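Biologist: I have this one open on my screen. Please talk me through it in plain words.

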Amino acid sequence: MVGPRGAGWVAAGLLLRAGACYCIYRLTRGRQRDDGELGMRPSKSAEDLTDGSYDDVLNAAQLQKLLYLLESTEDPVIIERALITLGNNAAFSVNQAIIRELGGIPIVGNKINHSNQSIKEKALNALNNLSVNVENQIKIKVQVLKLLLNLSENPAMTEGLLHAQVDWSFLSLYDSHLAKEILLRVLTLFQNINNCLKIEGHLAVQPVFTEGSLFFLLHGEECAQKIKALVNHHDAEVKEKILTIIPKI
């Protein structure tokens, strides 16, 4: 078992194990709000919703207050408590949709970038519950991919990232019908990891990756076939990226 090198790859590993459609993405930094999102300032009772004594399922107005609190506060204790409350409420299907409609997914996702490991984990738990909703999976997927792409650029993160257990449906991200933006990101992810492995190839002790890990998935025959099939992709930028990768497969 690999010891943690940093909070980043732990977060990625947890997300990768979360499942197929939401197993690849880095939530963007900054604000990403849909029309009609948070416009209400929280009352003083917003923090009361996070103190553990409020057992009722939150309604839309209370969730809105909680999301504003989560976005506006810098207090790590309040952030963690708000994420726990939000994660618990995201276990209910009706709230999964409400939180999405209130613009809550990017607000929660931004906490993955927090320096506090416990806050990262609570954010991941909330996203895991939110991802049960199919429409939420769509919003979460590209954002997770951004996270993994960011981690893959750091050689110190590579080993932990490659040890993460991944669902086989991860390979569906290499299907030619997907948006150009997604294809370019997963291809760059593959490229970055290969480059980092070259650096680690000079280490005295080589890591051992288990079956079912991201390493096995990306270096398996099915992944290679999917990547090679993209050589005929209609987009010139995707095709150019493929031509730089194929010699390394």
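Modeller: Happy to. A term to start with: a crossing is left-handed if the near helix is turned anticlockwise from the far one by less than a right angle, and right-handed if clockwise. Helices (H or I, at least four residues) and strands (E, at least two) are DSSP runs, numbered from the N terminus. This is a predicted model, in which local features need pLDDT of at least 70 and side-chain atom pairs count only at pLDDT 80 or more, while totals for chains, interfaces and linings use all residues. Residues are numbered from 1 along each chain as its sequence is written, and side-chain values use heavy atoms, with hydrogens and water left out.

Biologist: Good to know. How many helices and strands does the chain have?

Modeller: The chain has 13 helices and zero strands. Of its 249 residues, 51% are buried, where buried means under 20% relative accessible area, exposed over 50%, and partly exposed in between (1.4 Å probe, protein chains only).

Biologist: And what share of the contacts comes from residues 24 or more positions apart?

Modeller: They account for 75% of the contacts with a separation of 6 or more. Contact means heavy atoms within 4.5 Å.

Biologist: Let's zoom in, then. What does helix 3 look like, end to end?

Modeller: Helix 3 has 13 residues, and its end C-alpha atoms are 18 Å apart, which agrees with the 18 Å it should span at 1.5 Å a residue. The expected span is 1.5 Å times one less than the number of residues. Its buried residues include Leu-63, Leu-66, Leu-67 and Leu-70.

Biologist: What caps its N-terminal end?

Modeller: Asn-59 caps helix 3 there, with a side-chain oxygen 3.2 Å from the backbone nitrogen of Ala-61. That is a polar contact: a pair of N or O atoms within 3.5 Å, where within protein one must be able to donate a hydrogen and the other to accept it, and residues adjacent in sequence count only if both atoms are side-chain atoms.

Biologist: At what angle does helix 3 pack against helix 5?

Modeller: The angle is about 50°, and the axes are 10 Å apart. Axes are lines fitted to C-alpha atoms, for helices over the stretch in contact, and angles run from 0 to 180 degrees between N-to-C directions. Helix 3 and helix 5 are therefore oblique to each other; angles under 35 degrees count as roughly parallel, over 145 as roughly antiparallel, 65 to 115 as roughly perpendicular and the rest as oblique. The crossing of helix 3 and helix 5 is right-handed.

Biologist: Which residues meet there, between helix 3 and helix 5?

Modeller: Ala-60, Leu-63 and Leu-67 on the helix 3 side meet Asn-95, Ile-98 and Ile-99 of helix 5. Helix 3 and helix 4 pack at about 145°, their axes 9 Å apart, in a left-handed crossing.

Biologist: Now helix 4 and helix 7: how do their axes cross?

Modeller: At roughly 20°, coming within 8 Å. Helix 4 and helix 7 are therefore roughly parallel, and their crossing is left-handed.

Biologist: How far apart are Ser-152 and Cys-196?

Modeller: They are 44 residues apart in sequence and 7.8 Å apart in space, C-alpha to C-alpha.
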